[in-house]
Amino acid sequence: MKKFIALAALVMLGITANTVFAQESSRAERKAERDAKRAKMKAEEQVANTISYDDAVAALQAKQFVMEANQVMFRNGQTAFVNSNTNFVLVNEGRGTVQVAFNTVYPGPNGIGGVTVDGTVSDIQTTTDKRGNVNCNFSIQGIGISAQIFLTLTDGGNNATVTISPNFNGNTMTLSGNLVPLNQSNIFKGRSW
């Protein structure tokens, strides 16, 4: 009888050890699967960012781009999240448009809650730093606008920042968003001056 109890205990110990080993093995397999999924997603995101960065740089060089803003920061540091298809800086070869529109009940001069100004683009200067960030400076002169535009495209995607510095007052405004080629843009332009 003692041999039978010892044999049963040995069998139970074996089953318990096997179950623990199986659980550890399945945990390791699940962790490996999660890690592989994360690595794949990260690689896909990196490829997509590289493609969007290359498209943005090509659009800057062709002078046909739109910086669609999703955030506006005023000179006092106050920020507002905005709709990217109604807040943008557009350059199409020699012409440029700056539009800001806020979600208000007041329609504004452009009919969509803000201001739209058109002008002629001049003095475009583009440089790339060691990190791959592209800086583009230009002027827009028109009936309703006279401003210096400072655009920075960060490496690793199409994220861009535009600082609009009017020549006639100190109401500097910074727009943050994505820089896309003109033909890929989805903007809505209001009445312009």
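At 25% relative accessibility, Phe-102 counts as partly exposed (buried means under 20% relative accessible area, exposed over 50%, and partly exposed in between, with a 1.4 Å probe and protein chains only). The model is predicted, so local features need pLDDT of at least 70 and side-chain atom pairs count only at pLDDT 80 or more, while totals for chains, interfaces and linings use all residues. Residues are numbered from 1 along each chain as its sequence is written, and side-chain values use heavy atoms, with hydrogens and water left out.

**Aromatic pairs**

- Two aromatic pairs are found in a search of the whole structure (rings of Phe, Tyr and Trp, the last by its six-membered ring, pair if their centres lie within 6.5 Å; planes under 30 degrees apart count as stacked, over 60 as edge-to-face and the rest as tilted).
- Phe-65 and Phe-138 form an edge-to-face pair, because their ring centres are 6.4 Å apart and their planes stand at 70°.
- Phe-65 belongs to strand S1 (residues 64-74) and Phe-138 to strand S6 (residues 134-141), so the pair ties together parts that are 73 residues apart in sequence (helices, H or I with at least four residues, and strands, E with at least two, are DSSP runs numbered from the N terminus).
- Both Phe-65 and Phe-138 are buried.
- The pair of Phe-74 and Phe-102 is tilted, because the ring centres are 5.9 Å apart and the planes are at 45°.
- Phe-74 is partly exposed, at 28% relative accessibility.

**Salt bridges**

- The structure holds two salt bridges (a side-chain nitrogen of Lys or Arg within 4 Å of a carboxyl oxygen of Asp or Glu).
- In the salt bridge between Asp-35 and Lys-31, the closest N and O atoms are 3.1 Å apart.
- Asp-35 and Lys-31 are four residues apart in helix H1 (residues 2-62), so about one helical turn separates them.
- Asp-35 is partly exposed at 34% relative accessibility, and Lys-31 is partly exposed with a relative accessible area of 46%.
- Lys-189 forms a salt bridge with Asp-118, with the closest N and O atoms 3.1 Å apart.
- This pair links distant parts of the chain, 71 residues apart: Lys-189 lies in the segment after strand S9 (173-181) and Asp-118 in strand S5.
- Lys-189 is partly exposed at 40% relative accessibility, whereas Asp-118 is buried with a relative accessible area of 14%.
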